[in-house]
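Trainee: I've got a model open on my screen and I'd like to learn how to read it. Could you walk me through it?

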Amino acid sequence: MASTEDKSLASGSAARLSRDHLSLSQAAFLLDFDGTLVDIAPTPEAVIVPPGLKETLLRLREACDGALAVITGRPVPQIDEFLGDIPFAVAGEHGIAIRHRPGGPVERAALPPVPTDWIREAQDLVASLPGTRLERKVGGFVLHYRAAPESEEVLKRAAEAWVAPTKGTFHVQAAKMAWEIRPAGIDKGYAVRLLMENAPFTGRKPVFVGDDVTDEDGVKAAVSLGGLGLRIPADFPTPASFRSWLASLVPVPGNTSPGGSK
Ligand SMILES: O=P(O)(O)OC[C@H]1O[C@H](O[C@H]2O[C@H](CO)[C@@H](O)[C@H](O)[C@H]2O)[C@H](O)[C@@H](O)[C@@H]1O
């Protein structure tokens, strides 16, 4: 997968990336969740796992000897709620919390806690801005404005005012209709590299797929490890087209319909 041809595929359309290009027995899949495996929804809780996705992921995990991980900004337990034990590993909170194997412990990076006065102020702020909301995580928090786009700037200014005095210990991450405040130093590229050091991922070629700014670190890490970094919408126009591609990699035996999934 590190051939010249594959490097060109990493930046081009993924339509050509068929089973022939990807040797599943040598690949490890490291997949973003929101906006990649599932469509973006009005709120984090409203996300729907589409019919057939779990079955596709199960077949994929089997085809690559377990080397299937979800790398997400969400906390690990939320991925468990959506996908159960289908991913072999889950990296949550952009890599701050990683569970390397089913039933294993969630290992958390040692990072400074978010100051409690920021949380208090964030609660007051979202209470004063209808349509905005605060999402708490162990390692940080998110200010969502999908239902109140007019509040984008005021939320950004507040977030930047909190982190500025920390001189880089914390940073503000642009997300989809949201600002995320979290400690610096850990990103999805770190998660890709760490997961790839352990079985069943180690020795395989990482295939990372994501849709957001925070996924760029994962894309770069996968390419630097000799694998593929693919993006929505550059390589797949929509999460649905990405899901169809995944299904085409692991067709249901006997099913000849496009994508091969029932
Ligand atoms: O790394 P990801 O798996 O892509 O997660 C990124 C963030 O996703 C969630 O927020 C985003 O998706 C929501 C549901 O579609 C949407 O309503 C929201 O506007 C988006 O920002 C999640 O809430 C965050 O914790 C994740 O960091």
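**Reading the loops, strands and helices**

Mentor: Let's start in a loop: proline 233 sits between strand 11 (228–231) and helix 8. Keep in mind that this is a predicted model.

Trainee: What kind of peptide bond joins isoleucine 232 and proline 233?

Mentor: Here's the general idea: most peptide bonds are trans. The bond between isoleucine 232 and proline 233 is cis, with omega about 10°. Another cis bond links alanine 199 to proline 200, where omega is about 5°. Proline 200 is in the loop between helix 6 (188–195) and strand 10.

Trainee: And phi? What is its value at aspartate 65, and what is it at histidine 94?

Mentor: Most residues other than glycine have a negative phi. Aspartate 65 has a positive one, near 50°, and lies in the loop between helix 2 and strand 2. Histidine 94 is also positive, with phi near 60°; look for it in the loop between strand 3 (89–92) and strand 4 (97–99).

Trainee: Is histidine 94 buried or exposed?

Mentor: Count C-beta neighbours inside 10 Å: histidine 94 has 27, so it counts as buried. Aspartate 65 has 17 other C-beta atoms within 10 Å, so that one is partly exposed. Over the chain of 262 residues, 44% count as buried.

Trainee: Now a strand. Which way do the residues of strand 2 (residues 68–71) point?

Mentor: In a regular strand, side chains alternate between the two faces of the sheet. In strand 2, Leu68 and Val70 point one way, Ala69 and Ile71 the other, and all are buried. Strand 2 runs parallel to strand 1 (residues 27–31), joined to it by three bridges. Opposite valine 70 you'll find leucine 31.

Trainee: Which residues of helix 8 (residues 239–249) are buried?

Mentor: An α-helix has 3.6 residues a turn, so residues three or four places apart point the same way. In helix 8, Pro239, Phe242, Arg243, Leu246, Ala247 and Leu249 are buried. Looking down the axis, those buried residues fall within an arc of 155°, so they line one face of the helix. Their cover includes helix 2 (53–63) and strand 10 (205–210).

Trainee: Last one: which residues come nearest to the ligand?

Mentor: Of the 23 residues around the ligand, the nearest are Phe33, Asp34, Pro44, Thr72 and Gly73. Then ask where they come from: domain 1 (4–109 + 186–249) and domain 2 (116–183) each supply at least three residues.

Methods
Residues numbered from 1 in each chain as written. Predicted model: local features only at pLDDT ≥ 70, side-chain atom pairs only at ≥ 80, totals over all residues. Buried ≥ 20, exposed ≤ 12 C-beta atoms within 10 Å, placed from the backbone. Helix = DSSP H or I, 4+ residues; strand = E, 2+ residues; numbered from the N terminus. Arc of directions from axis to C-beta. Contact = placed C-beta atoms within 7 Å. Near = placed C-beta within 6 Å. Domains from an automatic or database assignment. Pairing = 2+ DSSP bridges.
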